[in-house]
Amino acid sequence: MTREHQHTDGTATAASGPRRRTVLLTGLAGAGAGVVTGAGAAVARERATPAPDLRLERARASARPFRGEHQAGILEAPPPYAAFVALDLHAGADRDAVRRLLTVWTDDIERLTAGRGPLTDLEPELAAVPASLTVTVGVGPRVVGLAGAERPSWLAPLPAFPQIDKLLAEWSGGDLLLQICAESPTTVSHAQRRLTAGVADLAAVRWVQRGFREPFEGPGVPMRNLLGQVDGTVQPDVTGLDADLLWVGDDGPAWLRGGSSVVVRRIGMRLDAWDRVDRLSRENAIGRRLDTGAPVTGGRVDTPADLEATDELGFHVVDDAAHLRRAHAAAPHERFLRRPYSYDDGTGPETHVGLVFVAYQADPVRQFVPVQRRLAEMDLLNLWTVPVGSAVFAVLPGARSGEVLGQAMFA
Amino acid sequence: MHQTISATRRVALTTVLAAVALGAGGCGTDTTDTSASGGSGTPSSAALVLDDGWVKSVDAPRMGAPSPAGGMSMPMSAMFGTLRNPTRSDITVTGGSSPVAGTVQLHETVKTASGAMQMQEKKGGFVVPAGGTFVLQPGGNHVMLMELTAALTNGSTVPVTLTTSAGPVTFTVPVRAFSGGNETYNPSPSSS
């Protein structure tokens, strides 16, 4: 893994540095032959060297490693731009088609994340700025079945939540998922185009959900969803004690160890209705302050809420139907890693603005469904949010050196 | 042995040339020399290396389908990539073969007197200079795989052997879907 990364950096440097200089020198030699000689040539060469563009150097150097135990794009802090792309295998696809598709994607993703175009890319300049690109591949039950691998029990559509769901087929399901994330929307778009066009003979795009986060996200500037709420505050310690909440372990199918699952739900926001709500009521609905994201019972954004606290009239300070209370884990395993992105499709139905809710966990039925069930039964936020899409995918383990993504499915 | 390609391809050719100048720094992970290096297989001892090589896929339904021009279909494909010569002597590629193709030819793209771009067989072969490279690309020089005997499926690999002045070199080349390069091929223009 380390070796590939070094190779990646080396390639990027070599492509921008010496080669450009060589071209410049060649041009000089052609133009000034017979005039510039001796020391004069050295001076001219000095002048011709442009000041290094450090901004571009940084963008080019920001290549994330592709190879490893886990796929990239899960543990990293989410970069500001993303596209979630679901594809369906063509009718008649067989085991060999699945294997070939994953072979193409493995090679293409390794090249794209390193800042190189895929083999057939006639515009590799669009790939030259990796911008922390990660591409994460998920598979649905049809792919697992065609490969002949054991299907995890949870790899199926989530149970219905009839109280809230207004699911549309155009935002739900799919045989394959690409989660494409980067710090540049151009990088995301190019990767999406090449990865879908490169397998167009094998699979067709079913839906695309583009998302964005706060590009200036950092200390003091949290991720806010388009209801203005600080989002994704409570996360399990997935690089430490809670790692088994994220990665499929020995109790899962062997081919999926080191993999995970992802739930992608498209949550429309009824902003016209939200606009009519005063600020205190908004904070009451979620159970958190809008400014700091801290619980309404006080403290900071990461302070646990005091769910028992009551006001002078004896009512709970955190409303009995507040999102925070209803989403609170009733057991330690009811937690998952959230990686949400906002979306704004400009115009269209009321749900053209909202949140691409993205949750990674080892077992969505055990970890996510109990929480979602409580929220469906009662959550003040349901007055302003409408789930219009839902999909579940098995997230393949990482490809180590020489491996193809998902190759253990074919073992 | 002439083929006419459209004006849009000429634009594409310019783009490709610019791209190659920028991005040819990839390493040859996909293809390996297997026969001309004396079995060592390491890049330094290989007579000829193919970097970022690929062959355009041809789906089964296109095999034997009537050609747009109404003549007999000639299922064909092409190999692209960058031939690299790490040795101290020029290497001339004079021809080739592949188990999936009845005929393998070396093609170049030239501008005719009328300004159209045409593909034709390259007389004298491809010369890969000592320590240098020779680029095979859509709209430029390429290795034609003709009279295909089987579909070339996206994501598979095909063996292609080049006959060179340093001996035969066999590459295992990835097959990739590519929507460009769809010029029809008429071995005898007058027959249509």
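Q: How many contacts beyond four places in sequence does the model have for residues 67–72 of chain B, where pLDDT stays under 50?
A: This is a predicted model, in which local features need pLDDT of at least 70 and side-chain atom pairs count only at pLDDT 80 or more, while totals for chains, interfaces and linings use all residues; side-chain values use heavy atoms, with hydrogens and water left out. Residues are numbered from 1 along each chain as its sequence is written, and chains are lettered from A and ligands numbered from 1 in the order in which they are written. pLDDT is the predictor's confidence in each residue, from 0 to 100, and contact means heavy atoms within 4.5 Å. For residues 67–72 of chain B, the number of such contacts is four.

Q: What is the mean pLDDT of chain B?
A: A further stretch of chain B, residues 184–192, stays under 50 and has 14 contacts beyond four places in sequence. Over chain B, 63% of residues reach 70 or more, and the mean pLDDT is 75.

Q: How many helices and strands does chain A have?
A: Helices (H or I, at least four residues) and strands (E, at least two) are DSSP runs, numbered from the N terminus. By this rule, the secondary structure of chain A comes to 13 helices and nine strands.

Q: Which residues do ring pairs link into a cluster with Phe368(A)?
A: Rings of Phe, Tyr and Trp (its six-membered ring) pair if their centres lie within 6.5 Å, with planes under 30 degrees apart counted as stacked, over 60 as edge-to-face and the rest as tilted; the count over all chains is eight aromatic pairs. Phe336(A) and Phe368(A) form an edge-to-face pair, 5.3 Å centre to centre with 70° between the planes, whereas Phe357(A) and Phe368(A) form a tilted pair at 5.6 Å and 35°. Phe357(A) lies in strand 8 (residues 353–361), eleven residues from Phe368(A) in the loop between helix 12 and helix 13 of chain A. The cluster partners of Phe368(A) are Phe336(A) and Phe357(A).

Q: Is Phe357(A) buried or exposed?
A: Buried means under 20% relative accessible area, exposed over 50%, and partly exposed in between (1.4 Å probe, protein chains only). Like Phe368(A), Phe357(A) is buried.

Q: Over which ring does the charged end of Arg266(A) sit?
A: A charge sits over a ring if NZ of Lys or CZ of Arg is within 6 Å of the ring centre and within 35 degrees of the ring normal. The charged end of Arg213(A) sits over Tyr341(A), 5.7 Å from the ring centre. For Arg266(A), at 3.6 Å from the centre, the ring is that of Tyr343(A).
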